[in-house]
Amino acid sequence: MDSVVVTMQAAQKVTAGQAVYITKSPAIPVSPAVPVSPAVAPAVPQSNDPNPSDKTLQTLHTLPFFGIALKDAQAKKDVDVQIGGVVFRIGGAAFGGLGAGKPCAVGVNSSGKLVRANAVRPDDPTKKDCISAPNWIGDCDASGMVTIRPRRDTRLNVLDFGAAGDGTAKHPDDTDALQDALDCAMRLGEMTDSPLSDGKVVYLPPGDYVIKKPLVVSNGCILEGAGFGFRGTSRIIADVAGEKADFNLSTRTKPVPSGIGGSIGQIGATGAGETVYCAIALTGFSIGAGSPDRGRADYAVLRQFTLESKPLQGRGTTEPETPQMDGVRVLAGGTWIEKVRIAGFRRNGITIYASYPQAGFTPEVNANLTQIRDCLIYGNGQHGLDIGSGGDENTNTMLVMNVSATDNGRDGIHDNSFLGCTFVSCHTDANKHRNISCERGSSPAFSVYVGCYAEGNAPAVFKGGHIAVVGGDMDITPDSTYWGYGAVRGGPGPSALKVTNNFSPVQLYRIVSGGIDIDKGEQVTPPPPAPNEPVPTALGYLFEAKVGGHTRGATSAHPTGMPDEWFSEVPTKGGLTQDGGVIWECLGKCPPTIVTHNTLGSNADSTIIQDIQSVTMDGKLQPVDGDSLFRTQVQTSRDPGDARIGRIETSLLSKGSFHTYYQTAYGNGPRPGALMLPEAWIGRPDNNGERRICVVYSGTPFNTLAGSSNFYRPGDLILNGLRDAERDGPIGWAVQALCGRGSPDSGCIDWAPGTHYRIGQTVRPTPPNPNGFLYRLTAYKTPGPLNPHDNISGQSQPPSWNPDLPQHVGVVTEDNCLEWETLYDLDVPANRKYLEPIPQGVANQKDSNATEIDQLRRDFNALLAKLRAAHLLGGLLGE
């Protein structure tokens, strides 16, 4: 490019070699006022101060350069200004350039003279000499020759600081160029005037940028690429095995002169208990005295680039091992990582720790309020995202959204935050231990997972009283404890809050290509085989990891993925089996364990208020058609004229609807004349037993149901719920013995072999052998089948029910998996005596004519005696 020189008028004194900008009038007033032509003035006023004022810096960032003065000139005198092309002469002498170095942009120093973008001050090599970035006067080549090409940008382009971005052996290290740009952004971030915010964005044009030391981002600057993809648009490559590579952050952040420009304080100093290795560090500091001059990294941003290790250091690599280093280490609060792809680091993709109150670690930082969005984190040796494992007190209230964490050596997402974080629409797959792990025990973690998806090749585990899972699709371990809202894989699931209130530590063995990590003490049992697959001889046995490690995994030669011995030998208690790096110990037969979920609401039926549901050992819900063990539901199925419509019913269920008791609540309020106690209990089990009060609405207990039941116990009180004009018989009946009705309209059925009955069901002996007694199912025997629906009767009727044998009411008879209690049959006329009528009053009762207290007491006691004789008191009152 040919040199372009113009002659201008100097508005102020100008020195040869100074950068100038255009001003509209000379600095010396002219009187009378006359029109003037545009003039030039020094971009930096003459000063001996190496630290220019904010006003001077503001000028550098608001007015673009025009060129450089080629000679000295006084105010109002002509001066030659080069505005383009290669600079050959300045001040009448040949210009020798800026010296050898990397090609980069050219700015000005505090004297307004030309300097490289990455030049250091001669008097203080720890500080940069260039003060004008991102306002550039031109560029220089490797020899230092300058081409004038004035331009002003709002971002700091790493190419302007000498980065090559070609990832070749010819340019093996762009670390210093990238760090110089980040340091420049840090300096701009310290300025207080709003126009000086230009330049806080460090831009990575498309290319491959090789680094051999950690990049340190601080002071709220933004490191931004041109995009990321599997081929890498803007890609930072951490050459972990390269010559002179050192990713020790403690070394990188030592105080000057051996550290990077502008001391930030040493990270993880000797004695702190941890040496930090990473490719990018977001460093922050606690507020207060002693904060280093670099400032805080709070609210720094990484976005739109790829970060990967070279060689890839994830699990299974054959490349030389390097230190346990992270891709990104966050030691600051409010940071934002967005649209970043992180792959192949030997430790974690992203690690977020708070370094206090951990004793001895420096600096003290708070890592709350971090946001991670739209990122891909895969192929790292440990966790994809690790929050709080090394310091959790202040790693909280983070937002993780649309993050995919796959194929990492341990967990995809490892949430160890102290107070909890929020995860939205995250995806995990093929991680070797847990797809998602949030195991906080009794800590006050309030993490929330909304619409997250975890593939079935590794489980998700949630252990904490305050963890909430909303929607999504995850294979959750049966020992998880959490509140949930939405479907869970294995069935429609709940549409409201769900909490696991019993749990089993046993999981189904996971068949994963490449194996999976198993911790010492984990318990598994072989899964049932799919159709046409071999049946393990170890099916139904329980195994515990005596030695933790990595399982062998499924291969083409071993498609089952399980140890060969589990198909060829019957396990013996205490026997050991090798499975890759895991040693399993057989604990014997796997005991039946029922896990239950307490679910509020249902997406299948809006009348269901609460369900307690059984689950299988691998944590998947069984179908909802009768799977509930206990249900609270609004009654809508009865006759519209029935006063019980809208009542809240609580039922014991087992593939059917047998209502054990009702709660006294009505959708439309009580009806005139209707009794408000359909069923209730009074008394205490340990004090005179229970006394149940129930109601008949028509007829008598001998021809209709009382409440919902077909059985009565001694002490029960049956009330006649009809009004006086319609009442048939007495006001009620007192129950004297265990009894029930055997007629078909009562719900009683004939006993049958191999049949599942629900708790509370009454049966008659098989015809034609009635014996005048009924039998009510009170319990399933324990231990019993894992699935409660497999509790069935025997193949023949219990022999003790033979009509030729004496029967004893209240005796419990075992029948395979069932336990039956003997009742009197009220349909036998002789048994009606066990329901004693209660008259509407005491016959021949006269008013008391007592005139003194002793006579009144005698009359009252006589009345109590009559009430007891009529069974109106039942012995509840004393004299």
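**Close-up views of a predicted model**

A search of the whole structure finds 25 salt bridges, a salt bridge being a side-chain nitrogen of Lys or Arg within 4 Å of a carboxyl oxygen of Asp or Glu. The structure is a predicted model, in which local features need pLDDT of at least 70 and side-chain atom pairs count only at pLDDT 80 or more, while totals for chains, interfaces and linings use all residues. Residues are numbered from 1 along each chain as its sequence is written, and side-chain values use heavy atoms, with hydrogens and water left out.

**View 1. A salt bridge joins R329 and D326.** The closest N and O atoms of R329 and D326 are 3.7 Å apart. R329 is buried, with a relative accessible area of 1%, and D326 also counts as buried because its relative accessibility is 0%; here buried means under 20% relative accessible area, exposed means over 50%, and partly exposed lies in between (1.4 Å probe, protein chains only).

**View 2. A salt bridge joins R410 and D517.** In this pair the closest N and O atoms are 3.3 Å apart. R410 lies in the loop between β29 (404-406) and β30 (411-415), whereas D517 belongs to strand β40 (residues 517-518), so the pair ties together parts that are 107 residues apart in sequence. Helices (H or I, at least four residues) and strands (E, at least two) are DSSP runs, numbered from the N terminus. R410 counts as buried at 19% relative accessibility, and D517 counts as buried at 5%.

**View 3. The side chains of E821 and R713 meet in a salt bridge.** The N to O distance is 3.3 Å, and the pair links distant parts of the chain, with E821 in strand β60 (residues 818-825) and R713 in the loop between β52 (687-696) and β53 (717-720), 108 residues apart. E821 is buried, with a relative accessible area of 10%, whereas R713 counts as partly exposed at 35% relative accessibility.

**View 4. Five strands form an open sheet.** The strands follow the order β39-β41-β42-β45-β44, with mixed pairing, and two strands are said to pair if DSSP finds at least two bridges between them. The edge strands, β39 (506-508) and β44 (576-579), each pair on one side only. Within the sheet, strand β42 (residues 541-547) and strand β45 (residues 582-589) pair in the antiparallel sense over six bridges, and E544 stands opposite E585 in β45.

**View 5. I280 belongs to the largest nonpolar core.** A nonpolar core is a set of buried Ala, Val, Leu, Ile, Met, Phe, Trp, Tyr and Cys residues joined through side-chain atoms within 4.5 Å. Of the 72 residues in this core, I236, I280, L302, I350, F423 and F462 touch the most other members, and the largest share of the core, seven residues, comes from helix α2 (residues 175-189). Not counting residues up to four places away in sequence, I280 touches residues including L215, V217, F305 and R329, where contact means heavy atoms within 4.5 Å.

**View 6. Q736 lies in a loop between two strands.** The loop runs between β54 (732-735) and β55 (739-740), and Q736 counts as partly exposed at 37% relative accessibility. The C-alpha atoms of Q736 and G715, which are 21 residues apart along the chain, are separated by 6.5 Å.
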